[in-house]
Amino acid sequence: MPRVPVKLVTWDEIVEWSWKLAKSIEEANYIPDVIIGIARGGLVPARLLCDFLGVENFLSIQSQHWTEAAKASEKALIKFPYTVDLSGMRALVVDDIVDTGDSMILAKRFIESNWRPKEVKLAALQWISSVAKIKPDFYAIEVREWVWFQYPWTRLEDVTQFIKRMLTELCRESGRREWSYSDIVTSFREWYGVEVEDRYYREALRALAKKGVIESRDGTYIVKQC
Ligand code: ADE
């Protein structure tokens, strides 16, 4: 059993789920005047919905998660709180996933009070029904057990985070600092239950070395930040 359950999502699945989502929106006879993608995860699904629903008006809003230093709690905020006038328009807010629901709730509130559309509806490719504080109006996939969905647009970012987490946790647990490339790949598979193309591990290790998390010495990786 992996320590962190991960599912690799393919580009084909993204197209299938976005298609299914578009159909459910159409079947409800809902035609938005504008689609708003929550950056960054909602941008590809939102763009596909524009295509599949024939919507030309596209906006983006960025929700950012940050961890308060003193507390372990995560807070979401709108990164660039600009204002546009959407009065009289029906807005569809789109994200890749509704997990806790915090991003969607925040974006909806911000858009309603600052952009003032006639109506706001929410759509996501996936909805984790067991943990989410809200249910989107439209979704393609209901997820019952929490999994980290490794979407194709964050492969490198996620692999970098995953390797960092694995190396620092193992360093703290057992004091291990020295790793070969193949040990990292093997442990990655054990920890996360998935494998990615070689270039992602290599590039992630380069990024971690650049940040000073690890150091590369004659084909061995040394964990610097434990
Ligand atoms: N973003 C927030 N929750 C997520 C999850 N479970 N999988 C992928 N991306 C996410």
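Residues are numbered from 1 along each chain as its sequence is written, and side-chain values use heavy atoms, with hydrogens and water left out. Since the model is predicted, local features need pLDDT of at least 70 and side-chain atom pairs count only at pLDDT 80 or more, while totals for chains, interfaces and linings use all residues.

Let's start with the ligand. Around the ligand sit Ile 97, Asp 99, Ile 128, Trp 146, Val 147, Trp 148, Phe 149 and Tyr 151, each with a heavy atom within 4 Å of the ligand. Sorted by class, this shell holds seven nonpolar, no polar and one charged residues (Ala, Val, Leu, Ile, Met, Phe, Trp, Tyr, Cys and Pro count as nonpolar; Asp, Glu, Lys and Arg as charged; the others, Gly among them, as polar). A ligand nitrogen lies 2.7 Å from an N or O atom in the side chain of Asp 99. On its own the ligand exposes 260 Å², and the protein buries 80% of that (areas by the Shrake-Rupley method with a 1.4 Å probe).

Next come the helices, which are DSSP runs of H or I with at least four residues; strands are runs of E with at least two. The axes of α4 (residues 155-174) and α5 (residues 181-192) come within 10 Å and cross at roughly 95° (axes are lines fitted to C-alpha atoms over the stretch in contact, with angles from 0 to 180 degrees between N-to-C directions). That makes α4 roughly perpendicular to α5, a label for angles of 65 to 115 degrees.

Finally, the backbone: a cis peptide bond, with omega about 0°, links Ala 39 and Arg 40. Arg 40 belongs to the loop between β2 (34-39) and α2 (43-53).

Terms used
Parallel < 35°, antiparallel > 145°, perpendicular 65-115°, else oblique. Polar contact = N/O pair within 3.5 Å; in protein donor to acceptor, adjacent residues only side chain to side chain.
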